[in-house]
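This report describes a protein model chain by chain and element by element. Please keep the sequence and the structure in view while reading.

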Protein chains: 2
Amino acid sequence: VANTTITRTSGQVRIVGAGLLGASIGLGLAERGIDVVLADASRAGLGLAIDYGAGRAARVDDDPSLILVAVPPDAAASVVAAELTAFPRATVTDVTSVKVAVQAELEASGVELSRYVGSHPLAGRERGGAISARADLFTGRPWVVCPRPGLAADRIAAVEHLALDLHATPVELDAAAHDAAVALVSHAPQVISSLMAKRLDGAPPSALGLAGQGVRDVTRIAASDPELWVQILAANASAVAEILRGLRADLDDTIAALTDVEAAGSRRTIAQELAGGNVGVASLPGKHGQDLRFASVVVRVDDTPGELGRLFGELGDIGVNIEDLRLEHSPGAQFGLAEIAVMPEVRTRTVDDLTARGWSIVG
Amino acid sequence: VANTTITRTSGQVRIVGAGLLGASIGLGLAERGIDVVLADASRAGLGLAIDYGAGRAARVDDDPSLILVAVPPDAAASVVAAELTAFPRATVTDVTSVKVAVQAELEASGVELSRYVGSHPLAGRERGGAISARADLFTGRPWVVCPRPGLAADRIAAVEHLALDLHATPVELDAAAHDAAVALVSHAPQVISSLMAKRLDGAPPSALGLAGQGVRDVTRIAASDPELWVQILAANASAVAEILRGLRADLDDTIAALTDVEAAGSRRTIAQELAGGNVGVASLPGKHGQDLRFASVVVRVDDTPGELGRLFGELGDIGVNIEDLRLEHSPGAQFGLAEIAVMPEVRTRTVDDLTARGWSIVG
């Protein structure tokens with residue numbers, strides 16, 4: 001879908017840490033024919049990522065122009081320092097989800113940092129490891145680049161080119177602004193999701209059986225790896241704590257209002273908290289769950305075997321590629337709705353051609 | 001999909017309140033040919049639900065055997081009382097998401113309650129109103145029935161039959177157990193989602209631009225209607241407050257640990273909270289996002305026009321109906337994965353037949 005013909009990254013790329021992020025970056029670069037070298041402290045982890053097609057094992061004559069350090073936060077600074085020393089020509093970036101602490105630790109180490117560019121691709125999955133890696137993990141996602149003052153433009157460009165080659169969007173932020181931002185949109189939500197999920201532990205099965213999509217969504221990321229997240233939260237502790245203190249003040253007000261709900265002002269307090277949540281969630285850019293790269297066509301499909309096949313066959317006849325699709329299916333109803341994502345430039349033609357062939361387009 | 005040939009509900013059904021729940025119930029019953037009478041304080045809301053096919057307007061000679069009250073919590077008890085008086089033969093149930101408060105208000109009103117059965121279908125959507133109604137809203141969801149002690153079995157059965165006719169699963173719980181359960185799996189998550197979302201209000205666009213699926217999931221239900229939720233939370237205030245107090249204690253510990261993260265025990269405290277979240281989320285029954293009624297077949301599909309059409313055409317040839325589907329599509333990759341949901345009893349045949357036709361089944 002995205003333009004894969006222009007590759008901006010040149011030379012060899014070395015990736016240290018063959019987990020979810022490292023292996024996904026390797027897959028995306030290997031697809032472009034880039035020589036990707038993988039290294040990992042775990043031989044089993046390395047072997048899996050290589051089998052998966054994310055790169056090759058290191059050789060003594062490797063000469064990478066770009067090195068990505070994709071290891072847990074506690075190890076990031078020391079691995080970056082070691083790579084800067086071992087490969088005196090290469091630009092080195094890390095993909096750690098905190099930036100101030102890594103940068104401070106590097107500065108304290110005394111290593112020369114003119115080739116270091118901190119960065120952070122905002123991408124991930126609940127499941128970690130190379131086995132969950134995918135070449136398109138970064139597509140459409142921001143990739144924050146945090147250059148230290150005075151850094152040479154070609155070092156910054158090397159990381160931005162990498163991000164673009166992986167279909168991510170480079171975003172320049174200083175390290176402190178980055179850490180405050182991810183404390184708000186990633187780290188505090190992780191804590192809150194975990195604390196809510198912890199309440200479910202030990203609940204009677206009759207209560208858990210009533211759980212619907214709401215509590216599942218609120219607690220989904222509570223399944224994340226505690227070992228990794230302790231490192232992330234510890235490395236960004238003060239920014240996260242500040243947000244949680246603000247939330248605790250609202251929680252205190254809410255608990256007080258619920259404890260004496262008939263008192264004057266109690267309902268107003270609760271309503272204000274809920275309305276504040278309305279405003280906050282509406283401030284998130286983009287529509288939930290919708291891929292903004294594509295246009296949507298909703299087609300009514302009779303609930304009989306072969307009807308979807310006929311629809312997709314005709315889309316093939318028309319020459320329209322289906323980028324994504326979702327079926328809304330009402331058991332007991334006589335028809336369902338197929339929501340098809342297509343490239344925006346073919347939407348009008350798709351609607352016209354399907355209508356001409358007798359399909360009912362409902363959205 | 002579900003068996004729609006046996007209809008258990010007999011006689012006329014009257015629905016008071018033509019919002020999301022009322023209109024969805026009406027749609028589901030009207031599909032079965034049941035005479036559904038709709039009433040709503042808003043003429044516009046009533047007209048919309050009737051246009052939508054959820055039932056017909058009331059007539060003076062109506063004689064319902066079952067009445068569903070689907071109005072906001074603050075109005076529920078008084079509407080139930082009025083319906084019991086107006087229709088001296090009918091079983092009356094309400095679908096309010098709190099049960100103790102409604103029951104207590106009815107008992108205090110002095111109305112004779114031998115025909116009243118409280119109930120609560122655990123179903124909903126972010127968007128309210130008849131326009132969001134769907135006949136399958138209750139499919140596979142629990143429908144809690146809270147009979148008062150000594151209630152006649154045929155009154156309970158009338159509500160259970162209604163739930164079964166809408167493909168829901170009747171669950172008997174007493175009112176207090178119900179309210180404690182929904183405080184945990186619905187009301188407290190709503191508050192927590194709203195409080196987290198409220199933190200996003202006023203954040204710089206550069207921070208909000210980094211938001212990913214995690215914070216979107218945690219805050220999705222923060223878009224819910226504050227007016228409705230104030231009523232729900234107020235009606236279940238003590239049970240919700242109790243859960244929030246437990247969460248606040250954990251939040252206090254987490255904030256303290258983050259405030260002095262290098263102190264002995266701080267990392268252990270954070271790790272314990274995160275691990276507790278792991279255990280809690282794992283205690284939710286079923287797999288997230290997966291519809292447990294169906295079996296899944298994952299097929300590798302080349303990324304060329306017509307390939308999905310060929311797959312679905314062949315599924316039609318085989319005679320397999322597609323209950324749901326999801327396409328995992330990697331831009332830049334040479335193929336995608338189509339995850340097809342089929343009835344469990346046809347999964348083996350589907351895999352065998354597709355394999356014989358040369359498709360690669362990867363899951």
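How many bridges join strand β1 (residues 13-16) of chain B to strand β4 (residues 66-69) of chain B? The two strands run parallel and are joined by 4 bridges. Within this pairing, Ile15(B) has Leu68(B) of β4(B) as its bridge partner.

## Basis of the description

This is a predicted model, in which local features need pLDDT of at least 70 and side-chain atom pairs count only at pLDDT 80 or more, while totals for chains, interfaces and linings use all residues. Residues are numbered from 1 along each chain as its sequence is written, chains are lettered from A and ligands numbered from 1 in the order in which they are written, and side-chain values use heavy atoms, with hydrogens and water left out.

## Chain A overall

Chain A contains 13 helices and 12 strands; helices (H or I, at least four residues) and strands (E, at least two) are DSSP runs, numbered from the N terminus. Its C-alpha trace spans about 65 × 65 × 40 Å along the principal axes. Of the 363 residues in chain A, 54% are buried, where buried means under 20% relative accessible area, exposed over 50%, and partly exposed in between (1.4 Å probe, protein chains only). Among the contacts in chain A with a separation of 6 or more, 70% are between residues 24 or more positions apart; a contact requires heavy atoms within 4.5 Å.

## The sheet of chain A

Strand β2 (residues 36-39) of chain A pairs with β3(A) in the parallel sense over 2 bridges, and Leu38(A) has Ala57(A) as its bridge partner in β3(A). Two strands count as paired if DSSP finds at least two bridges between them.

Strand β7 (residues 142-146) of chain A has 5 of its 5 residues buried. Pro142(A), Val144(A) and Cys146(A) lie on one side, with Trp143(A) and Val145(A) on the other, and both faces are covered. In a regular strand the side chains alternate between the two faces of the sheet. β7(A) pairs with strand β6 (residues 116-121) of chain A in the antiparallel sense over 4 bridges, with His120(A) opposite Val144(A). The pairing of β7(A) with β8(A) is parallel, over 4 bridges, and places Val145(A) opposite Glu172(A).

## Helices of chain B

Helix α5 (residues 153-165) of chain B lies across β4, β5 (91-94), β6 (116-121), β7 (142-146) and β8 of chain B, running at about 170 degrees to β7(B). In helix α4 (residues 100-109) of chain B, the residues Val102(B), Gln103(B) and Leu106(B) are buried. Viewed down the axis of α4(B), its buried residues fall within an arc of 95 degrees, so they line one face of the helix; the arc is that of the directions from the helix axis to the C-beta atoms. Their cover includes α3 (73-86), β5, β6, β7 and α6 of chain B. Just after α4(B), Gly110(B) takes a positive phi of about 85 degrees.

Asp179(B), in helix α6 (residues 175-200) of chain B, is buried at 4% relative accessibility. Asp179(B) and Lys99(B) are 80 residues apart in sequence, yet their C-alpha atoms are 6.4 Å apart. Not counting residues up to four places away in sequence, Asp179(B) touches Val98(B), Lys99(B), Val100(B), Ala101(B), Asn236(B) and Ala239(B).

Glu314(B), in helix α12 (residues 307-318) of chain B, is also buried, with a relative accessible area of 14%. With the residues up to four places away in sequence left aside, Glu314(B) touches Arg357(B) and Trp359(B).

## Relation of the two chains

The same surface serves both copies, since 100% of the contact residues of chain B recur in chain A.

Conventions: Axes are lines fitted to C-alpha atoms, for helices over the stretch in contact, and angles run from 0 to 180 degrees between N-to-C directions.
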